[in-house]
Amino acid sequence: MRDEPSQDERYLAAADEFGPALQRLARASEANPERQRDLLQDMHVALWRSLNGFDGRCSMRTWVYRVAHNVAASHVDRERRSRRGLVTLDEIDQLPDAADIGADYETNDQVARLNAIIRQLKQPDRQIITLYLEELDAASIAEIVGLSPGAVATRISRFKSNLARLFRETNHV
Amino acid sequence: MSLADIHVRAERFQSRIGQRNLIEYIAAASVVGVFGWFALTIPLAIAQLGSLLIIAGALYVTWKLRSIAGGQQKDPAVSWADFHRSELMRQRDALRSVWRWYLGPLLPGFLVFVAGVVFAPENPAPLLAKLAMLVSVLGFGAAVFGFIGWINAIGAKRLDQEIAKLDAARR
């Protein structure tokens, strides 16, 4: 009979498969490179701790994304208490100016602006959009976030049309 | 990050949790300090009793706050919707029952303390004036307590609406 993988083995396998996705999530949640590094480390620690209790109730992918997003959400809540508030998808009325978002952190202006928008979002919009950009479908995102696929699809569609409008307005300026 | 680094950082995380409880202890210690000082320095048995009752009430409220907050042991792999819903319900239930665990325990001490101070033998005012004083202070206290209860009831209703909205997005 095959032995169950140990906590360390599970973690190493998960880190190998999902490490890049965790990095992208950290980047989308935090602009400052130093705090981004701390956040990424916190995600890995939380993931390792959580895998001690992995009970197979969901796929490893769903488990990893939930743990990582919960860590990112706690980080954002802590940062928000000392900085400006967050908004919903409908409340974003303009793209952040490249000069305001520390474009020296990111070389690609469009990616920088997209991440800056994502960082302004409240939960669960932030989580949904970040997972959508990881190319997960609405059903997978719904399983991770705990909403219905229909609710997820509606938010994604709203985000896409808001984003298209914002970038169009910017190009006309 | 190496596995060894992960293990070290995980141990540091555990010790940070203990620091959070310190703030609650400091708040409770302040109330105990102030009313403990009253109990020792005010030479009036009823006011002393009132101070002790307020201390007991404050300690009960602190314990209740801890058990309400601590009851939410976060499952690291819980979905956002599950966690958010249970948080909303926990807060709503706490607001709905605020008279039982927050205002109620402080009431006896408040009443006894105020009555003790107003009817102190050292107070030279005539009985009618003392009664007027008592009614004014109790009236003010009732207004404050009533306002807190009312604000919390509004908060509980808003949370009910948020829970309903979340449930609709989960169907």
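This is a predicted model: local features need pLDDT of at least 70, side-chain atom pairs count only at pLDDT 80 or more; totals for chains, interfaces and linings use all residues.
Start with chain B. Chain B has six helices and zero strands. From the N terminus on, its elements read α-α-α-α-α-α. The overall outline comes next. The C-alpha trace of chain B spans about 75 × 45 × 15 Å along its principal axes. Its radius of gyration is 22 Å, whereas a compact globule of 171 residues would have one near 16 Å. Buried residues account for 29% of the 171 residues in chain B. Contacts within the chain reach across the sequence. Among those between residues at least 6 apart, 70% join residues at least 24 apart.

Now bring in chain A. On its side, 26 residues are in contact with 20 residues of chain B. The two chains bury about 2000 Å² between them. Carbon and sulfur atoms carry 59% of that area. In chain A, the residues that lose the most area to chain B are Val45(A), Arg49(A) and Asn70(A). Together these three make up 24% of what that side buries.

Polar links also cross this interface. Nine residue pairs are in polar contact between chain A and chain B, with both residues at pLDDT 80 or more. Which elements of chain A give two or more residues to the side that touches chain B? They are α1 (7-29), α2 (33-50), α3 (60-80) and α6 (138-145) of chain A. Of these, α2(A) gives the most, with eight residues. By class, this side of chain A has eleven nonpolar, nine polar and six charged residues. The count of salt bridges between chain A and chain B is one. In it, the side chains of Arg57(A) and Asp75(B) meet, N to O, at 2.7 Å.

Step back to the whole model. Over all chains, the count comes to twelve salt bridges.

Take Arg10(A) and Glu4(A). They form a salt bridge, with the closest N and O atoms 2.9 Å apart.

Arg35(A) is partly exposed, with a relative accessible area of 31%.

Asp125(A) lies in helix α5 (residues 125-133) of chain A, and Arg155(A) lies in helix α7 (residues 149-172) of chain A. The pair therefore ties together parts that are 30 residues apart in sequence. Asp125(A) counts as buried, at 5% relative accessibility.

Terms used. Residues are numbered from 1 along each chain as its sequence is written. Chains are lettered from A and ligands numbered from 1 in the order in which they are written. Side-chain values use heavy atoms; hydrogens and water are left out. Contact means heavy atoms within 4.5 Å. Buried area is the accessible area (1.4 Å probe) that two parts lose on being put together, summed over both. A salt bridge is a side-chain nitrogen of Lys or Arg within 4 Å of a carboxyl oxygen of Asp or Glu. A polar contact is a pair of N or O atoms within 3.5 Å; within protein, one must be able to donate a hydrogen and the other to accept it, and residues adjacent in sequence count only if both atoms are side-chain atoms. Helices (H or I, at least four residues) and strands (E, at least two) are DSSP runs, numbered from the N terminus. Ala, Val, Leu, Ile, Met, Phe, Trp, Tyr, Cys and Pro count as nonpolar, Asp, Glu, Lys and Arg as charged, and the others, Gly among them, as polar. The radius of gyration is taken over C-alpha atoms; the globule rule is 2.2 Å times the number of residues to the power 0.38. Buried means under 20% relative accessible area, exposed over 50%, partly exposed in between (1.4 Å probe, protein chains only).
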